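Let's take a walk through a protein model together, one stop at a time.

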Amino acid sequence: MHSILSLFGYNLNPIRKIESAALALGWGWAGLLLMLLALIPLSWWVYRCEGKSISDKMRRQLLAIRIVWVIVLAFLVCGPVLVVSGWVPQRNRLAVMVDCSRSMGIKHKDESRLDQVKKLFDRDFIKQLEDKTGIYPEVFSFSDNVSPISRQEVEQFSFTADGNQTDISNAVRNVTGNLGEGSLLGIVMVSDGVSTTGENPVMALANLRTPVHFIAPGQEGETADMALHLNQPPAQGYLNSSVRVHGEVSLHRVATSSVPVIVRKNGEFFTQATADFASGTERAGFAFNVPCNEEGSFRFELEIPALAGELTSENNQAGFLLKVVRERLNVMTLSGRLSWDLKFIGNALLTDPNARTVHWTKLRDERWVCSRDLKPERAVRSPDLLEDLKIADVLILSGTSHDMLRPIEEELIRRVEAGTLGLLVLPSSQSFAELGYQGTLVEKLLPVVPGREIWRGTPGNMVLPSTETPYNFLRLIDDPIQNVEFFATLPKFEGLYEYDGLKPGSEILINSTLRGNADLLPFMIRARAGLGNVVLISGGPLWPAGFRLVPTDRGFSPYSALIVNMCKWLANRREDAQVSIELASSRGYVGQGSNIRVWVMNSKNELQTNAQVMITIKDERGGSTNLPCIETSEKGCYETAFVPAFRGLHSLEADARYQGRELGRAKSEILVEMPTAEFDDPVIRESLMAQLASDTGGIFATIDQVEKIVSAINSEPGQKLESKSIDLRDSWLLLIVLLLLPMVEWYLRRIRGLS
Amino acid sequence: MTRFRSILTVLTVAFIMLLSSRVQSSAAEFDRTIVPRVKYGGGGDWYTGPTSMPNLLRQASERLRLPTQSENIAVSISDPELFRYPMLFLTGHGQVRFSDYEINILLNYLDNGGFLWVNDSYGIDRFIRREVRRLYPDREFELLPSDHAIFNMLYDLKDGLPKIHEHDGKPPAAYAVFNKGRMKILYTYESDIGDGLEDAGVHTIDTPEIREKAMQMALNILTYVMMQ
């Protein structure tokens with residue numbers, strides 16, 4: 001058939017041997033039939049119209065010639081195509097893949113797995129394959145990535161076990177994709193079978209048509225090993241709570257009933273946990289509590305004892321970073337009488353889901369009422385205020401007499417000066433002298449000189465001292481001019497206190513339109529007390545009538561933001577008010593990307609789009625990296641990826657800007673460790689490799705049995721089945737036939753005198 | 001000389017007045033509490049008991065040192081000034097009806113932190129339940145137990161809501177509508193605290209003890225609202 005088609009001039013390349021052929025018509029067989037049904041009677045009728053005398057023999061000859069010509073023409077008009085399938089010869093390829101992950105560095109009897117691979121290569125393994133197949137194998141190293149290895153590198157054995165992960169599925173997919181699965185005689189994979197990332201190789205290799213042969217450098221169960229695993233260690237804890245850490249110890253060829261786990265906190269002994277093994281089990285869990293009684297980041301390192309001659313000691317340690325934060329903003333209010341102002345401060349604060357409020361009011365005698373998160377509780381006598389103060393971030397005083405403060409005064413002063421408690425003092429109907437503050441420690445915290453304050457019962461407005469206020473909580477509107485106008489057009493307050501003067505170092509945050517002897521009287525004043533902040537508001541009601549219950553879009557939200565942001569600032573959490581860093585885990589690994597997300601809000605607590613966010617990362621060696629963040633599809637969220645190069649504690653600082661103006665900063669930390677996934681289960685996975693080999697038509701062998709693999713590799717020249725479509729109109733022979741038939745008819749007619 | 005003395009006297013008096021005005025003004029008075037009554041439609045007597053709220057606010061000023069404006073102020077739901085008042089008092093004997101517009105405003109008011117105290121003077125029950133159902137279709141009045149905090153704020157009312165006026169011989173009951181964990185509406189039924197708050201002599205059958213109970217309950221309500 002190949003010869004006939006070649007005779008007609010059809011090009012069959014590259015098919016050498018035709019396996020099958022099928023004829024198809026562009027118009028279909030029905031089209032051809034209909035055309036013939038129309039054309040044959042027509043040509044016969046035309047022939048009959050010719051009224052000349054002719055012999056029967058000649059009549060039949062002429063009719064046959066014409067009908068053949070009509071059939072051939074109709075056939076060609078219908079678009080005949082011949083689909084030919086046949087074998088095409090191919091160049092064979094063979095791949096050898098060497099696992100270069102860190103688990104290949106695990107030693108068995110002073111010889112690492114990679115050393116055994118070197119021995120294999122030294123025994124001319126590659127040459128044996130070349131001799132068998134007649135082709136030099138393509139050699140690759142793989143771990144989390146695949147790299148081709150040149151012939152020279154193979155001869156020098158330039159393999160190092162430094163890959164942090166192993167992805168067998170990805171490696172095989174890469175090699176078959178590069179070399180072409182059809183031309184591959186097989187893949188020889190030299191690996192310990194520890195696949196730590198990517199798809200499950202059993203699933204990924206199930207449909208592979210290329211045989212994958214596995215060579216294991218060593219045998220399962222040769223050496224004893226103990227491994228320590230942490231199950232999702234906590235990244236964050238909340239102050240005055242505790243977190244529980246869970247882990248597991250696994251044994252391989254070790255007989256013991258318990259394994260001690262030493263826990264160190266910032267390098268110092270913290271506690272010891274024990275993993276107790278039931279008889280016959282190889283895994284046992286352990287757990288311990290970490291009380292979060294101090295803010296900050298703490299590095300925890302866990303360790304189990306190393307055995308002599310153990311498979312690897314790299315899996316005997318684990319660590320995590322715990323960040324203890326006061327995530328919740330706890331605001332405590334202490335008032336000497338009921339006040340609508342405090343009710344609305346509470347409402348504003350609770351617009352923030354992370355805010356918690358506790359409001360104590362002394363009603364009469366020793367009768368106190370308390371509401372937590374604005375839920376009133378039954379009255380009590382002589383409550384223990386210290387308990388609530390201990391967890392408070394901000395304390396608000398409103399008409400609080402010194403007698404009420406006395407039991408907590410010492411703690412209050414200590415915490416304010418330490419910067420762990422912010423103080424907000426609201427005006428009351430009584431002067432500081434009437435409240436008994438004169439000569440007390442609390443008086444020293446105040447930003448004003450009390451004693452002779454005078455109530456100025458004249459309504460007035462608030463005035464921002466400057467358009468460019470350095471305090472974010474005073475920026476309720478992004479545009480500075482509009483922001484000043486916003487404060488100026490707020491409903492008036494009913495009056496304010498005029499004090500003798502401000503203490504040195506005090507700062508006016510908001511002025512009033514009321515004029516004192518010379519200057520405008522201050523409405524909001526700030527002072528520093530040690531590391532803490534104290535804010536005094538001199539006028540009231542604090543929230544003019546319009547704020548109390550404002551249903552308009554302009555009303556409640558900006559004021560709520562002012563309260564929430566001011567309290568966060570007072571709680572020394574200025575950065576948290578605007579920008580926050582979100583880490584998937586506080587633990588990162590060398591060479592592996594960690595996603596860092598930064599959430600940015602504007603001064604109104606609205607998520608900010610189109611901000612410029614930059615993260616500066618500093619490692620323990622002092623090296624610094626700047627990473628710009630890209631805005632994500634989530635509003636106000638910006639993201640970047642960080643691939644650490646070194647282990648150790650890395651500090652992160654995010655700086656967010658909008659139209660050149662700083663919105664805020666946030667800080668965080670990440671503990672970078674060498675990845676331990678390669679050592680979590682360090683034994684050679686013989687059963688997995690045997691299954692993968694079996695599923696793909698390959699074989700599994702240990703390093704001493706490589707001859708089995710060499711002999712199993714198919715050395716026949718490769719060929720593949722290909723199909724080709726031939727347009728039958730593309731033939732000079734058919735053209736000749738088509739021209740020849742009318743010429744023959746014309747010639748016969750001519751010699752018979754018919755034309 | 002006489003002229004000089006008179007000028008000196010005038011200056012002295014002016015100085016003393018100026019000084020006294022400054023001294024007087026040292027007592028800050030702001031953030032005054034006003035509890036207006038709701039002027040509702042439907043034909044009910046929203047104006048009943050005009051002295052009850054002024055009396056309550058006067059007592060709040062005395063007993064709680066709360067700056068108050070003790071006047072009988074009425075406000076309709078559609079009044080833009082409504083949002084100045086954190087608490088509203090609604091009382092009467094008959095029909096209460098809010099328009100759809102008023103329902104929307106009242107809902108907005110309550111959801112933004114406002115509070116409505118409904119006092120059943122008698123005969124209001126059917127109508128107020130209907131209107132509250134229009135406000136919060138998915139909420140029901142909850143009966144407050146006698147150990148609820150509202151009966152124990154400023155005064156301990158161990159039996160819960162006190163009985164002030166006898167109407168149908170039914171026991172007094174305090175119902176509340178809660179939304180998002182907060183009490184939005186308090187309905188004092190078959191008690192008539194409002195009558196007990198009125199001036200002595202308006203309801204001659206109210207003994208001083210009964211009137212004191214009513215005042216204690218009203219102050220408890222005011223305290224509770226200001227704490228939530």
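Find Pro541(A) in the loop between strand S31 (539-540) and H15 of chain A. Helices (H or I, at least four residues) and strands (E, at least two) are DSSP runs, numbered from the N terminus. The peptide bond leading from Gly540(A) into Pro541(A) is cis, with omega near 0°. Another spot to look at is Gln659(A), which sits in the loop between strand S39 (648-658) and S40 of chain A. Its phi is near 50°, a positive value in a residue other than glycine. Why point these out? Because most residues other than glycine have a negative phi, and most peptide bonds are trans.

A quick word on what you're looking at: this is a predicted model, where local features need pLDDT of at least 70 and side-chain atom pairs count only at pLDDT 80 or more, while totals for chains, interfaces and linings use all residues. Residues are numbered from 1 along each chain as its sequence is written, chains are lettered from A and ligands numbered from 1 in the order in which they are written, and side-chain values use heavy atoms, with hydrogens and water left out.

Axes here are lines fitted to C-alpha atoms, for helices over the stretch in contact, and angles run from 0 to 180 degrees between N-to-C directions. S33(A) and strand S40 (residues 661-673) of chain A run in the parallel sense, paired over 3 bridges. Look for Gly588(A), which stands opposite Val672(A) in S40(A).

Next stop: another open sheet, with 6 strands in the order S7-S6-S3-S8-S9-S41 of chain A and mixed pairing. Strand S7 (146-149) and strand S41 (700-702) of chain A are at its edges with a single partner strand each, so one side of each is left without a neighbour in the sheet. Inside this sheet, strand S8 (residues 184-190) and strand S9 (residues 212-216) of chain A run parallel, joined by 4 bridges. Val188(A) has His213(A) in S9(A) as its bridge partner. Helix H19 (residues 686-696) of chain A packs on the sheet, touching S9 and S41 of chain A, and its direction makes about 160° with that of S9(A). Touching, or contact, means heavy atoms within 4.5 Å. Helix H4 (residues 113-122) of chain A lies across S3, S8 and S9 of chain A, running at about 150° to S3(A).

What about charged side chains? A salt bridge is a side-chain nitrogen of Lys or Arg within 4 Å of a carboxyl oxygen of Asp or Glu, and over all chains the count comes to 37. One of them joins Glu138(A) and Arg93(A), at 3.8 Å from N to O. That pair links distant parts of the chain, 45 residues apart: Glu138(A) is in strand S6 (residues 138-142) and Arg93(A) in strand S3 (residues 93-99) of chain A.

Finally, zoom out to where the two chains meet. Here 40 residues of chain A are in contact with 41 residues of chain B. About 3,800 Å² is buried between them, with carbon and sulfur atoms giving 55%; buried area is the accessible area (1.4 Å probe) that two parts lose on being put together, summed over both. The rule finds 1 salt bridge across this interface: Asp156(B) with Arg367(A), whose closest N and O atoms are 3.0 Å apart.

Methods:
Pairing = 2+ DSSP bridges.
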